[in-house]
Amino acid sequence: MIWFLRVFFIIVLVSMLGVTSWASTQCALWAIPGSVGGHPWFIATLFDTYWAFLTFYCWLAYKERSWLARLGWLVGVLLLGNIAMAVYMLIQLFRVPATARMEDILLRKA
């Protein structure tokens, strides 16, 4: 399972970096037309996305012991979203051997 998750989060990271880079060459983030930015489904999707980011962050904050690390990762997750989340997961996944149990990833070390 650890190998699968490593590959999965590498794919997430590479695809997010790719699509974000591509999008930034097409138009600036702040140049989103008002008709898009004010669309109800755009707003609903942003709420859904940021609640998911904060849900992931709750687990991350449980895992991290340092308030400085918690604050840094909060800023990273809120600004970079899935890019920061994939980096965090890859750090966690490469800290354990490939034979580790899911508990070794999910639970805080004593």
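Good morning. I begin where two helices meet: Phe 53, Phe 56, Trp 59, Leu 60 and Lys 63 in H3 touch Asn 82, Met 85, Tyr 88, Met 89 and Gln 92 in H5. Contact here means heavy atoms within 4.5 Å. Helices (H or I, at least four residues) and strands (E, at least two) are DSSP runs, numbered from the N terminus. By class, this contact has 7 nonpolar, 2 polar and 1 charged residues. Ala, Val, Leu, Ile, Met, Phe, Trp, Tyr, Cys and Pro count as nonpolar, Asp, Glu, Lys and Arg as charged, and the others, Gly among them, as polar.

Please note that this is a predicted model, in which local features need pLDDT of at least 70 and side-chain atom pairs count only at pLDDT 80 or more, while totals for chains, interfaces and linings use all residues. Residues are numbered from 1 along each chain as its sequence is written, and side-chain values use heavy atoms, with hydrogens and water left out.

Now the geometry. H3 and H5 pack at an angle of about 30 degrees, and their axes lie 11 Å apart. Axes are lines fitted to C-alpha atoms, for helices over the stretch in contact, and angles run from 0 to 180 degrees between N-to-C directions. The two helices are therefore roughly parallel, a term for angles under 35 degrees.

Next, the core. The largest nonpolar core has 23 residues, and those with the most contacts inside it are Phe 9, Phe 56, Met 89 and Leu 93. Such a core is a set of buried Ala, Val, Leu, Ile, Met, Phe, Trp, Tyr and Cys residues joined through side-chain atoms within 4.5 Å. Buried means under 20% relative accessible area (1.4 Å probe, protein chains only). Helix H1 (2-26), helix H3 (40-63) and H5 each supply at least two residues of this core; H5 gives the most, with 8 residues. Phe 56 touches Met 85, Tyr 88 and Met 89, leaving aside residues up to four places away in sequence.

One further residue of H5 (residues 82-94) is Gln 92. Is Gln 92 buried or exposed? Gln 92 counts as buried, because its relative accessibility is 6%. Leaving aside residues up to four places away in sequence, Gln 92 touches Lys 63, Glu 64 and Ile 105.

Finally, the whole chain. The protein chain has 6 helices and 0 strands. Of its 110 residues, 27% are buried. Its C-alpha atoms fill a box of roughly 50 × 25 × 25 Å along the principal axes. Thank you.

Terms used. Buried means under 20% relative accessible area, exposed over 50%, partly exposed in between (1.4 Å probe, protein chains only). Angles under 35 degrees count as roughly parallel, over 145 as roughly antiparallel, 65 to 115 as roughly perpendicular and the rest as oblique.
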